[in-house]
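Q: Could you walk me through how a model of this kind is read, going from whole-chain totals to single elements?

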Amino acid sequence: MLLLLLPLLPALLLPLLPTMTGPKVFITLSIALLSGPAYCHGELQLVDNGYEGLLVSISDHVPVEHCNHVVNGLKSVLREFSSLLWSLTDARASVRDVTVILPSSWKTDESTCSLVSPMITSTPPGDAHIQVTSSHPVFGNRPWVHQTQGCGRQGDYIQIGDSLIRSIVNDTYSYTARLLVGEWVKFRWGTFEEQGFPEDPLYPKSYLDPVTRLTKSNTCTNYQNPVMPICPSDLHNPEAPTKHNSQCGGRSAWDIILQSQDFANGRNSPSTSVSSYVPTMNYVQETAPRMVLLVEDTAVMNLQQRWEFMRKAIRRVMVYDVPDGVQVAIVIFNSEAKTTAPLMKMESLSDVRQRVGSSLPRNPSTVPESQKNILFGLREAIKVLTTDSGDPAGAKVIMVTTGNSMAPQQDVNEMLRLATVNNIRVDTIIYPQTEHRVLISASHGLESLVAATKGSSFTVMDEGVGKDSKLNMMVSLMDALFSSMCSSSAVSSGVPVLIHSKSYPGGLQTMSDGSFTLDDSFGPLARFLVFYYDLNHVGNSLQLISPSGEVIDAINMQEDGDANVVFVTIPEAERGLWQYKLENRADSHQSLHVQVTGTESNVRKVRLKVWTNGPHAIVNMTDPSIPVIVYAEVKDGNIPILNAKVTARLKRLGNDVSGSSYNSIPFDLYDSGFGDPDITADDGVYSRYIPTMYGGAGYYQLTVTADDNNGYAQSPVNNAFMHHRRADQEVKCCGSRIRYEHTKRVAPFQRSVVYGVLDVLSINPGNDIVPPNRILDLQAQVNATSQEVTLQWTSPGDDYDWGQAQRYEVVLAESWPEAKAFEGHFIGSMPNPAQVGIKQKVTTEIDVYESTLYIAIRAVDEAGNRGGVSNIPNIWVPRPVTTPPIVVTPEILEPIQKQAVPFEQEIVETVSEEGLTMQDFIVILSSTGGFLVFMIIVATFCYCFVARHKFHHDKDSTESNPNILIKTNSTLEIDQDEGSNSPDSTLKDDVIASKGTQQNSPIQEQKLSITGELLMEGATHSKSIQSPFPDVTLTSTNFCSSSEPPSTTSSHNTPYQTAYTIGTCSSYPYPLQVAYPNEDMAAYIPASLPSHSSQASMPYTQEDLSKPYGFAYVSDPTVYQVDPSYAKGQIPDYPLPPPVYESYPCMPPVTSYSNQPPGLVKVPPPVAPKPTPTTRASTVVPSEVFADAKGCHATHV
């Protein structure tokens, strides 16, 4: 009886709370799971040194042909497991009875499962503690425990591969039992792995021993003992970087075990029995789930449309949502109880759904609410479940009642007894909740019943205007019934999935539209529903548009007035984006509500499971010791889904003062593995603390959605070779992250779960009392050369993992206990905390050498709330290398006095050493070497420059073979010879220098006019060159004859022509277009002369620099005639087309110089004929041709 009263203790003590001083916030966490276990397990208890209620399930992935092998193997392993557990706990614990749950798909005749007789068929009482299923992508068939909560909290489940169970023989089952014992210690008592993992940054395989300074294996010395899978207290090393030390603050595993619910306060002391229990094996085969709707029928339901909404909501769920095969009954109660629909199996091919859905009375009773008796209703429900000698174990009772008239305590105690004895689960739906309580006990008094049976609780707020109830009230009741039904673990096939749900208020716009997506994770059938308060609120225009554009009009839709719904069922729904449009004629205080439901795919079974760490009791949210954490597990079958987008939403129920609904509070959940709250990364479990409730007192509904994160979600690939590996060859679970060898992209999916209600009983206090979350991934690395330590961690939040903390506190201690107590020297100058979840790194100098130091960090918020102490890594800084001083001065040096380090100041100080250290020599040598390299480079450059200058000077002064440089495709402004003393270079420099002046000097004009002359035969030309240019000396007069034309090029900047070679004055291969018969070239026109003074009679093209490039000026074609002086036969006699000057598409526009006078004309050299387009070659690099005075050979340079 004392155990039955324990769950009522919060309700008994709560009325005393108003006498306490100070504002407080309390939350009633009315969700599906008991405190501790994240999953809804059957009641597992250690009674008189024997576990009772152990559940082992066999997945439907295991073929029925393996039935006898799996069952035989389980029997052998569990018998040895019980014996090993007895030895491990010093005769404190063993296994008394086990219930094995067989898949419903297995045949249980003698030919397939002859070893399981006798066997009963029943609904499983909850999720199994040990699950036999397919192999894991990383852990294979090896047993491993799924843990999501902290130290001392029971895990979720133990998974083991069926291949390992099937292969059990006498010489191997004991080994499997030892592995199972090691995982049981973590599952039942909340310990963690006491050894390291390869390549794990937080829990390495080995570490540097702080005493011996030698590499040490990160495991317990006695870990390999076959009957000792945990480290004894006397051998436990709290300083080792293990996951257990990080989560449990360095406490030994035995300390955690002895303080657990099994052994605390002297429970289950060592037995005097010699041997352990031999487990009794019970076999249960899954049957169809059984549910009883227990509905309150009192006069309060006659207000507004409460009873009408009740009938419509039950009809909707019975007719459209309950899967085939589920057995449902309906019982009503007031001062007495009555069955309106016996237990019947749902079938789509019969009228059973209609009969059960319409079984409620048309009108409620007139019995006052104060006379209702919930105990009578629960007894009637259990009676229905036991009809025809049925077993009520595992069944669910969904109780729909008001939140008023608290049940008497003796009735609550009796309901607790009945529910526990019959092993049923009770869910409550408080309908309607008319008012909010402030600092008073829960009025319905059923929280303890829900907690004891691991049920769920939902709340539907009373929403109405005058005599009308709002449509949102009916839809909320439908959602509560829908969620309660889907939360049953027994409903595995054909379970409905809520794909889309959206409300469209009336009075805002005529047309309402939206969209939803169907992907391959859903079954072929989908149903589109529009709920209304009045049928006239749904206009005539209603369209559903498929991804391919097919339109389904309102004429194709069905109407069900008994559920206030217009719907269309799509048997083979197309995959992709669907759109809908509907005419909204609802009143301003009503609305239309659209929902889309479907079923799970038979190929892909994407599951979203949600729970919290909180108990089914009142939780003080302002107490930092009991924060509320939301967990969500996303799986594709048995494979976790990584990188999914998981979002939780808290929405206050009811309406604000303006009559509008409250805005939801969205927050993302993360699978980060930071340690607090998410323990292991990439295990498919996403978690986060709930945010601070600033919306005031009220009921907050928790909804969680998950999708494929725009294609970024991945799932690990199950390696086929793992099926053939031994368990000792597989990876143990679990370090800071589960590492997968191969992953694949997850196909698109989306899931949504309406989970439960948070009941906030008071407004938040004015002051901040919530601390930052704990840092559990602190890493420290030492640079032995610079004596620097680099710290790295993930930034916490301000209120748990929300917001941004104000500062960090870092302590450097000489011992691990000192660091755990956060005592020692404080390191200052730490960076400011970043936003939560950001990696931060800082490097600092440590001047304590050759001594083991321990570092701890914690965050502090603006209110001074300090987070928990982090994990504590140790460091060892070597002493810097020193050398004797270069010069020894015989003087007495006073010892350096180190100053005391103030609080929050960096303890590192600059230490002065005598003489030069190795670092000083390195700096000096580096500086000297760099200076020498620089001087060598400068000397090399000077030498090359002088040598080059001398080379060009010698070449220009040589008189043995003087050449005259003729430029190919050059103008008067460019020169390609790089000799600084050549005449051409002087000419170039003078020309360039003259561009910025108003007038050229006479000597410049003389030098510039040299390229305008052609070299012809005879002394006449020689004289004509020397006469106007006395500074040019010709040392040879051996010229080509006049019949051998010079090499000239076009004046415009088109690609250069291919150079030609004339061997010993050989004939010119192209006909020369003589545009200047007398070979007279006009001299360069200085800038002071007008541009037309001596150019009027010139027939070749001139370019005006005042005009932009891109224009071409074509000469008169009539002047291109063949020179009659050429001998016939020497030059091919065929007509050539006149040259066409192309524009310059690639040339930039010419920038005019500010000093250049207008009208300056650039005179190009003579134009040689171009070859035909089929024979021309473009050269990107211009050529310099030297015309040899003797042989007239043209040479490329």
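Q: What is the accessible surface of the protein chain, and which part of it belongs to carbon and sulfur atoms?
A: This is a predicted model, and its totals for chains use all residues. The accessible surface of the protein chain is about 55400 Å², with 54% of that area belonging to carbon and sulfur atoms. On the side of burial, 50% of the 1197 residues in the chain count as buried.

Q: How many helices and strands does the protein chain hold?
A: The protein chain has 19 helices and 55 strands. Among its contacts with a separation of 6 or more, 78% are made by residues 24 or more positions apart.

Q: Why does the end-to-end distance of helix α14 agree with its number of residues?
A: The expected span of a helix is 1.5 Å times one less than its number of residues. Helix α14 covers residues 471-486, so its 16 residues should span 22 Å, and the 23 Å between its end C-alpha atoms agrees with this. As for cover, 13 of the 16 residues of α14 are buried, which leaves the helix mostly covered.

Q: In what order do the four strands of the open sheet lie?
A: The order is β23-β29-β25-β26, with antiparallel pairing. Because β23 (511-518) and β26 (551-553) each have a single partner strand, they stand at the edges, and one side of each lacks a neighbour in the sheet. On average, neighbouring strands of this sheet are turned by 20° against each other, direction ignored.

Q: How many bridges join β23 to β29?
A: Eight bridges link β23 with the antiparallel strand β29, residues 576-584; for S512, the bridge partner in β29 is L582.

Terms used. Residues numbered from 1 in each chain as written. Predicted model: local features only at pLDDT ≥ 70, side-chain atom pairs only at ≥ 80, totals over all residues. Heavy atoms only, no water. Helix = DSSP H or I, 4+ residues; strand = E, 2+ residues; numbered from the N terminus. Buried < 20%, exposed > 50% of the residue type's maximum accessible area, 1.4 Å probe, protein only. Pairing = 2+ DSSP bridges. Axes fitted to C-alpha atoms, helices over the stretch in contact; angles between N-to-C directions. Contact = heavy atoms within 4.5 Å. Areas by Shrake-Rupley, 256 points an atom, 1.4 Å probe, with all protein chains shown as cover.
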